[in-house]
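Hi everyone, thanks for making time.

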Amino acid sequence: MAMVVPNMCNPDYRVVKEAESLAAAGYEVRVFCTWKPGARVPVLEEFNGVTYVRREWNVVGLIKHKLFGTPLPTDTVRLNNRYREEDEE
């Protein structure tokens with residue numbers, strides 16, 4: 001089961017409650033959320049049986065990819081590494 005929300009889901013209680021209810025019923029649940037540079041939330045976390053995956057939404061890059069066939073943006077890898085480096089300090 002996958003859920004997509006246009007925020008960091010921290011806190012978005014309606015989404016969290018639904019996701020945790022589905023996980024308690026035996027579903028494997030992933031919530032795909034946004035992530036912003038400088039945000040002090042993990043890009044990947046598991047809590048109460050729900051996996052939260054946060055990525056920066058590069059809307060301009062996605063539009064260029066769809067319209068002009070340019071490569072998909074690779075910001076998420078760089079952002080994941082940046083977050084981990086900040087976390088270790």
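Let's start with the overall numbers. The chain has 89 residues, and 30% of them count as buried; buried means under 20% relative accessible area, exposed means over 50%, and partly exposed is in between, with a 1.4 Å probe and protein chains only. Before I go on, a word on where this comes from: it's a predicted model, where local features need pLDDT of at least 70 and side-chain atom pairs count only at pLDDT 80 or more, while totals for chains, interfaces and linings use all residues. Residues are numbered from 1 along each chain as its sequence is written, and side-chain values use heavy atoms, with hydrogens and water left out.

So what pattern does the chain follow along the sequence? Reading along, you get β-α-β-β-β-α-α, which gives three helices and four strands. Those are DSSP runs numbered from the N terminus, with helices being H or I and at least four residues, and strands being E and at least two.

The accessible surface comes to about 6,300 Å², and carbon and sulfur atoms hold 55% of that. These areas are from the Shrake-Rupley method with a 1.4 Å probe, and for residues only the protein chains shown count as cover. As for contacts, meaning heavy atoms within 4.5 Å, take the ones with a separation of 6 or more: 48% of them are between residues 24 or more positions apart.

Now, the inside. A nonpolar core here is a set of buried Ala, Val, Leu, Ile, Met, Phe, Trp, Tyr and Cys residues joined through side-chain atoms within 4.5 Å. Which members of the largest core touch the most other members? They are Cys9, Val29, Val31, Val50 and Tyr52, out of 13 residues. Helix H1 (13–24), strand E2 and strand E4 (50–55) each supply at least two residues of this core, and the largest share, five residues, comes from H1. As background, nonpolar side chains in soluble globular proteins tend to be buried together.

Let's zoom in on two of those core residues. Valine 31 sits in strand E2, and it counts as buried because its relative accessibility is 0%. Leaving out residues up to four places away in sequence, valine 31 touches Met3, Val5, Cys9, Val15, Ala19, Val50, Thr51, Tyr52 and Val53. Take cysteine 9 from that list: valine 31 is 22 residues from it along the chain, and their C-alpha atoms are separated by 8.4 Å.

Tyrosine 52 is over in strand E4, and it is buried too, because its relative accessibility is 4%. Again leaving out residues up to four places away, its contacts include Cys9, Val16, Val31 and Phe47. Tyrosine 52 and methionine 3 are 49 residues apart in sequence, and C-alpha to C-alpha they are 9.5 Å apart in space.

Next one: is arginine 54 buried or exposed? It's buried, because its relative accessible area is 1%. Arginine 54 lies in strand E4, and its side chain makes a polar contact with the side chain of glutamate 45, at 3.0 Å. A polar atom of the arginine 54 side chain is also 2.9 Å from the backbone oxygen of proline 42. By polar contact I mean a pair of N or O atoms within 3.5 Å; within protein, one must be able to donate a hydrogen and the other to accept it, and residues adjacent in sequence count only if both atoms are side-chain atoms.

Arginine 54 also touches threonine 34, which is found in strand E2 (residues 29–34). Threonine 34 counts as buried because its relative accessibility is 10%. A polar atom of its side chain lies 3.4 Å from the backbone nitrogen of methionine 8.

Tryptophan 57 is in the loop between E4 and helix H2 (59–68), and it is partly exposed, with a relative accessible area of 39%. Together with Val4 and Phe32, Trp57 makes a nonpolar surface patch of about 290 Å².

One last stop, in the loop between strand E3 (44–47) and E4: that's where asparagine 48 is. Asparagine 48 has a positive phi of about 50°, although it is not a glycine. Its relative accessibility is 47%, so it counts as partly exposed.

Methods: Patches are made of residues with over 30% relative accessible area and no salt bridge: like charges are joined within 9 Å, nonpolar side chains (Val, Leu, Ile, Met, Phe, Trp, Tyr) within 5 Å. A salt bridge is a side-chain nitrogen of Lys or Arg within 4 Å of a carboxyl oxygen of Asp or Glu.
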